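Let's take a walk through this protein together, one neighbourhood at a time. Please keep the viewer open as you read.

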Amino acid sequence: IYEFFDRKIHKSDDVAKRYGVSILGETSLDPHRSSKRKKEKELPEELQNVLNSKSDFDTVETYKAIRTNIMFSMPKKELGRVIIVTSAAPGEGKTTTAINLAITFAQTGARVMLIDCDLRRSRIHRYLQLERDEGVTNVVCGYTDLEKAIRKNVRDNLDCLTAGAIPPNPAELLQSDEFQSMVDTLRHEYDYIFLDTPPVTVVTDAAILTKHCSGVVLVARSELTTYDMLDSAVEDIKNADAKILGIIVHGCSNKYKKYGYYRSKKYG
């Protein structure tokens with residue numbers, strides 16, 4: 001009875017079997033991480049979650065493994081691969097995931113562009129401590145040149161395009177020929193382009209953008225995301241004829257039990 005009424009996801013293996021898609025990776029609930037953070041200077045949570053030189057070994061290796069899985073999910077010869085990062089509902093970690101994936105791909109020496117397409121609730125500029133004023137909406141509406149709006153080298157080999165001014169019609173802007181032209185231009189300049197979009201079940205923005213993309217990465221959170229939300233998200237993506245590269249599951253409590261060997265001092 002409990003399992004029947006409990007609709008939250010718990011194990012990534014169950015998610016993979018239910019939808020027939022790959023689990024690109026899973027991050028953990030590290031019982032030791034919270035105590036480490038208390039010793040550090042207090043930072044906003046979004047800054048703590050972005051990969052940096054002080055990030056723990058397990059998180060860094062997890063994103064490297066995800067990077068490899070994504071690379072093998074797409075044709076190598078494709079020009080300027082565009083990857084959408086979305087989720088079924090808010091609060092599941094899609095923006096942090098998009099940033100960390102972009103950083104990890106840039107570490108290979110590839111030219112990477114990160115675009116904030118969550119025009120209603122943009123956060124990438126906060127996470128990377130950038131100014132939001134000139135971005136996607138300004139370029140698409142013709143008020144700013146693309147080259148002027150791009151934030152160069154926010155990390156090594158990583159450029160960023162923030163959301164820009166909040167528009168009254170986000171879906172229409174993302175569906176416009178001007179946005180398509182902007183993406184086509186960037187595809188000739190970058191090896192990978194990551195689009196951070198709103199949750200796919202909340203608004204239509206992510207589904208609209210699938211016509212620009214090589215594949216979709218779906219983000220879920222253990223003990224928070226429900227199968228009802230994930231069912232809708234997967235269905236919406238498939239209805240848009242987009243390819244689901246896989247699912248990333250955050251907050252898996254059993255990850256450390258499975259991979260505890262690699263947390264020894266030798267590897268850390």
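This is a predicted model: local features need pLDDT of at least 70, side-chain atom pairs count only at pLDDT 80 or more; totals for chains, interfaces and linings use all residues.

Residues are numbered from 1 along each chain as its sequence is written, and side-chain values use heavy atoms, with hydrogens and water left out.

Let's begin with strand E6, residues 192-196. Helices (H or I, at least four residues) and strands (E, at least two) are DSSP runs, numbered from the N terminus. Five of the five residues in E6 are buried, where buried means under 20% relative accessible area, exposed over 50% and partly exposed in between, with a 1.4 Å probe and protein chains only. Tyr 192, Phe 194 and Asp 196 point one way from the strand, while Ile 193 and Leu 195 point the other way.

Which strands run alongside E6? Strand E2 (residues 81-87) is parallel to E6 and joined to it by five bridges, and strand E3 (residues 112-116) is likewise parallel to E6, with five bridges. Two strands count as paired if DSSP finds at least two bridges between them.

Now zoom in on Leu 195, which sits in E6 and has a relative accessible area of 0%. Leaving aside neighbours within four places in sequence, Leu 195 is in contact (heavy atoms within 4.5 Å) with Val 82, Ile 83, Ile 84, Val 85, Ile 115 and Cys 117. The C-alpha atoms of Leu 195 and Asp 116 are 6.1 Å apart, although 79 residues separate the two along the chain.

Next come two helices. Two packed helices are described by the angle between their axes and the distance between the axes. The axes of H5 (residues 57-71) and H6 (residues 94-106) come within 10 Å and cross at roughly 80°. That makes H5 roughly perpendicular to H6. Axes here are lines fitted to C-alpha atoms, for helices over the stretch in contact, and angles run from 0 to 180 degrees between N-to-C directions; under 35 degrees counts as roughly parallel, over 145 as roughly antiparallel, 65 to 115 as roughly perpendicular and the rest as oblique. Among the residues that meet are Tyr 63, Ile 66 and Arg 67 in H5, and Asn 100, Leu 101 and Phe 105 in H6.

Finally, how many salt bridges does a search of the whole structure find? There are 11, a salt bridge being a side-chain nitrogen of Lys or Arg within 4 Å of a carboxyl oxygen of Asp or Glu. In one of them, the closest N and O atoms of Arg 7 and Asp 228 are 3.0 Å apart. Arg 7 lies in the loop between helix H1 (2-5) and helix H2 (12-19) and Asp 228 in helix H13 (residues 227-239), so this pair ties together parts that are 221 residues apart in sequence. Arg 7 is partly exposed at 30% relative accessibility, and Asp 228 is partly exposed at 43%.

Asp 231 forms another salt bridge, with Arg 18, again with closest N and O atoms 3.0 Å apart. Because Asp 231 lies in H13 and Arg 18 in H2, this pair links parts that are 213 residues apart in sequence.
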